[in-house]
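Have the viewer open while you read.

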Amino acid sequence: MASTEPNVYLFVPNLIGYARVVLMFVAFYFMTNPEMYQITVFCYLLSQLLDAFDGHAARLLGQTSKLGAMLDQLTDRCSTLGLVMALGLLYKDYFFFFQCYAVLDIASHWLHLTASHYSGASSHKQIDLASNPILYYYYQNRTVLFSMCAGNELFFAALYLLFFSEGPNFGGYGLFRSVVIVCAPVMFFKSVISLVQLLAAAKNIVIVDTDEHTRAKQ
């Protein structure tokens, strides 16, 4: 008798996730090759763009999974980290900035995800958001969430491109430099949100610790 168990590995959203990982590594491979910077950005941005589709596919097909959620999170964080590491090599004078950004990005998301696990939330987007209006608005408004993430990725991608070329010229301004300038405030505000997320997650973990110690003494 044929097995009726679903093959989570072959869920459509997870297949999209695997494609994102492949594109990410292709981008990483060519990232410091000055002759391949356009291919690098194409693969990187396509990987990021597919992030907008895997969640929709999961909900539409009823194929949400913990594997898919973790794959999505890890690909997001690792792809951004890889690009920021390359930018640190290209823009050596700003290496410390890229280090700080990478640490904040990884630490805030990891602690937030851990706090979600400790509190029993089914998603990192569901933990104690009502008490924090910034995180609530950020995670519950899909337009804001997409715009912030897209603007942040465009900032770093354009900064990468700018190292090699100004891009097409419009009215005396290079396209890549213009994108960097326009998206810089988005990157800044997303970093502020990451800091808020880090502090909120730490607070939630302390609440869990306090409850555990209180129950242990009863």
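What follows goes from the overall fold to the cores, then to rings, cysteines and a few individual residues.

**Overall fold**

Keep in mind that this is a predicted model. The chain has seven helices and two strands, and reading along the sequence gives the pattern α-α-α-α-α-α-β-β-α. Along its principal axes, the C-alpha trace spans about 70 × 50 × 30 Å. Of the 218 residues in the chain, 39% are buried. If you take the contacts between residues at least 6 apart in sequence, 69% of them join residues at least 24 apart.

**The cores**

The largest nonpolar core holds 27 residues, and Leu87, Phe156 and Tyr160 have the most contacts inside it. Two or more residues each come from helices H1 (12-30), H2 (37-61), H3 (66-90), H4 (95-119), H6 (142-164) and H7 (175-217). H6 gives the largest share of this core, with seven residues.

What does Leu87 touch, leaving out residues up to four places away in sequence? Its partners are Phe98, Phe156, Leu159 and Tyr160.

There is also a second, separate core of eight residues, and Leu135, Tyr138, Val196 and Ala200 are among them. Those four names come up again where two helices pack. Helix H5 (residues 133-140) and H7 pack at an angle of about 120°, with their axes 10 Å apart, and the crossing is left-handed. On the H5 side, the residues that meet H7 are Ile134, Leu135, Tyr138 and Tyr139. On the H7 side, they are Lys190, Ile193, Val196, Gln197 and Ala200.

**Rings**

The count of aromatic pairs comes to ten. Two of the edge-to-face pairs are Tyr91 with Phe163 and Phe155 with Phe156. For Tyr91 and Phe163, the centres are 5.5 Å apart and the planes make an angle of 75°. This pair links distant parts of the chain: Tyr91 is in the loop between H3 and H4, while Phe163 is in helix H6, 72 residues apart. The Phe155 and Phe156 rings have their centres 5.0 Å apart and their planes at 80°, so that pair is edge-to-face as well.

| Residue | Relative accessibility | Class |
|---|---|---|
| Tyr91 | 17% | buried |
| Phe163 | 39% | partly exposed |
| Phe155 | 6% | buried |
| Phe156 | 0% | buried |

Which residues form one aromatic cluster? They are Tyr37, Tyr91, Tyr160, Phe163 and Phe164. Tyr160 is also one of the residues with the most contacts inside the largest core, and Tyr160 is in the list of residues that Leu87 touches.

**Cysteines**

How many disulfides are there? The count is zero. The cut-off for a disulfide is a pair of sulfur atoms within 2.5 Å. Cys43 counts as buried because its relative accessibility is 9%, under the 20% limit. Cys149 is in no disulfide either, and the nearest cysteine sulfur, that of Cys183, is 13 Å away. With a relative accessible area of 31%, Cys149 is partly exposed.

Arg77 lies in helix H3. Is Arg77 buried or exposed? Arg77 has a relative accessible area of 13%, so this arginine is buried. Not counting residues up to four places away in sequence, Arg77 touches Asp105, Ile106 and His109.

Ser119 is found in helix H4 and counts as partly exposed, at 42% relative accessibility. Ser119 and Asn204 are 85 residues apart in sequence, and their C-alpha atoms are 7.8 Å apart in space.

Note on methods: Residues are numbered from 1 along each chain as its sequence is written. This is a predicted model: local features need pLDDT of at least 70, side-chain atom pairs count only at pLDDT 80 or more; totals for chains, interfaces and linings use all residues. Side-chain values use heavy atoms; hydrogens and water are left out. A nonpolar core is a set of buried Ala, Val, Leu, Ile, Met, Phe, Trp, Tyr and Cys residues joined through side-chain atoms within 4.5 Å. Buried means under 20% relative accessible area, exposed over 50%, partly exposed in between (1.4 Å probe, protein chains only). Contact means heavy atoms within 4.5 Å. Rings of Phe, Tyr and Trp (its six-membered ring) pair if their centres lie within 6.5 Å; planes under 30 degrees apart count as stacked, over 60 as edge-to-face and the rest as tilted. Axes are lines fitted to C-alpha atoms, for helices over the stretch in contact, and angles run from 0 to 180 degrees between N-to-C directions. A crossing is left-handed if the near helix is turned anticlockwise from the far one by less than a right angle, and right-handed if clockwise.
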